[in-house]
Every structure is written in C-alpha cells, then in structure tokens.
Amino acid sequence: MFTGRKEMELKKILWNYRWKLHKKIEHIYGENLALICPLAEKIIEDDPYLSLEILMESDAIRSDSVEDDGLFIQRKFERQFNTMISYIWILIYKSLSDKTGLGPIAIQLFQFNISKINDIRILKIIGFSNTYEKTVTRSGALMLFWFNEIGELDDKARDFLPFLLEYYPEPFEQIWQEDRM
C-alpha cells in the first residue's frame, strides 16, 4: 500500500489507535463469562460436549468479505459444533457491544477466547491485527473509520482514510440501526 516513511507513519497511527480502542474495553479483560453474557454461559454449561471445552476462541476479521449480517466472526467449518459455537460468539459479541458501548462494528475487531479456570469461564482479549505483510487489514481500516465516525480521529490519521475506502462496507449508522432492531 505504502512504502518507506508513509508506511511507518500509517503503522504508528494504527498502533496508537489500536491502544485507544483497547483502553475502551480493557475493563472486561479476565471477566467471568457468566457476568458478561449469562445466556452464553448457560448454553455452554448445559451442553454435554461444550461444557467440557477448556478453551474456545473467536477471531477478528481476516478475509476480504464482510458477512451480510454484519457479524465478522470467522467461522471454521472443520470444527465440530460450529453452528452452536457461532451462536455463542454472536451472543457474546452482542452483549459486549451493549456493555462496553463500542457498538457492533468496533467490538468485533477484537479476538477473544474463553478459558475455563477453576471451573469458571473467563473472557480474555487476545488482540487483533492492524497490518499484515505491509498491508492494512480490514480490522485496521474499520478501526480508523470507526474512530472517525465517533469524532475521535485526528487530521493526520484522517488523511489516510481515502486510501482505505475499499474496506468500508457501508455507513456505520445504517449498520448500527439494523443491529439495534
């Protein structure tokens, strides 16, 4: 996308905004899943197979396609119980969206996992990728568009938005309204 000084400038911008976004959600790190999303906890606990899982992972956007329903959870089709796990993550992401106030787009930029520690399921943030092989990822671009939408993007970062338009799926306001219905 860019080389040299411009590439380094964009990477620094992405890194700084990634930490700004992380600060908006870090308070849920290590939180009990039952407190974040009681329904997801109940579904896992009531299932004879899923209740035995020690680790369940979500994933940030990695592909070039945005799902029609606005949920950017990457599905792994080789997994057993894929549908149930997808529903569980949809419930968790929706709950996190509501509890953090980040909204459905920004919350799905993060990767999470659920670890079972001493019989308690804990939600952990495991990050997200801003760049990959010198190219801005979809999650990195959407993060900048989201900060722009909420009025927290500085002019230096805003100058890069025209170069990232291919990643912009549709106006966030429309997505948020559809998600709230």
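## Close-up views of a predicted model

**Figure 1. Helix H3 and its two sides.** Pro-38 and Asp-46 are exposed, and they sit on the face of H3 that is turned away from the helix's buried side. Keep in mind that this is a predicted model. Which residues of H3 are buried? They are Ala-40, Glu-41 and Ile-44. Looking down the axis of H3, you'd find these buried residues within an arc of 100°, so they line one face of the helix. The general rule behind this kind of pattern is that an α-helix has 3.6 residues a turn, so residues three or four places apart point the same way.

Figure 2. Let's follow the chain from H3 towards strand S2 (55-57): the loop between them holds Ser-51. Is Ser-51 buried or exposed? With a relative accessible area of 13%, Ser-51 counts as buried, because the cut-off for buried is under 20%. A polar atom of the Ser-51 side chain lies 2.8 Å from the backbone oxygen of Asp-47. Leaving out neighbours within four places in sequence, Ser-51 touches Ile-44, Glu-45, Lys-116 and Arg-121. One of these, Ile-44, is among the buried residues of H3 from the previous view.

**Figure 3. The four-stranded sheet.** Here four strands make an open sheet in the order S1-S4-S3-S2, paired antiparallel. S1 and S2 are the edge strands with a single partner each, so one side of each has no neighbour in the sheet. S1 (residues 31-32) is joined to S4 by two bridges, and Asn-32 stands opposite Ile-122 of S4.

**Figure 4. The hairpin of S3 and S4.** Ile-114 has Leu-123 in S4 as its bridge partner. How many residues lie between the strands of this hairpin? There are two, and Asn-118 takes a positive phi near 50° in this hairpin.

**Figure 5. The largest nonpolar core.** This core has 44 residues, and those with the most contacts inside it are Leu-21, Trp-89, Ile-92, Phe-112, Leu-123, Met-143 and Leu-144.

**Figure 6. Leu-21 and what surrounds it.** Leu-21 is one of the residues with the most contacts inside the core. Setting aside neighbours within four places in sequence, Leu-21 is in contact with Leu-102, Ala-106, Leu-109, Phe-110, Phe-128, Met-143, Trp-146 and Phe-147. Met-143 is also on the list of residues with the most contacts inside the core.

Figure 7. The chain has an average pLDDT of 78, and 75% of the residues score at least 70. Among the elements, H2 has the highest mean pLDDT (96), whereas helix H8 (residues 172-180) has the lowest (49). Over residues 60-78, pLDDT stays under 50, although the model has 42 contacts beyond four places in sequence for this stretch. Where pLDDT is low, the predicted coordinates should not be read in detail.

Notes. Residues numbered from 1 in each chain as written. Predicted model: local features only at pLDDT ≥ 70, side-chain atom pairs only at ≥ 80, totals over all residues. Heavy atoms only, no water. Core = buried A, V, L, I, M, F, W, Y, C linked by side-chain atoms within 4.5 Å. Buried < 20%, exposed > 50% of the residue type's maximum accessible area, 1.4 Å probe, protein only. Contact = heavy atoms within 4.5 Å. Polar contact = N/O pair within 3.5 Å; in protein donor to acceptor, adjacent residues only side chain to side chain. Arc of directions from axis to C-beta. Pairing = 2+ DSSP bridges. pLDDT = per-residue confidence, 0-100.
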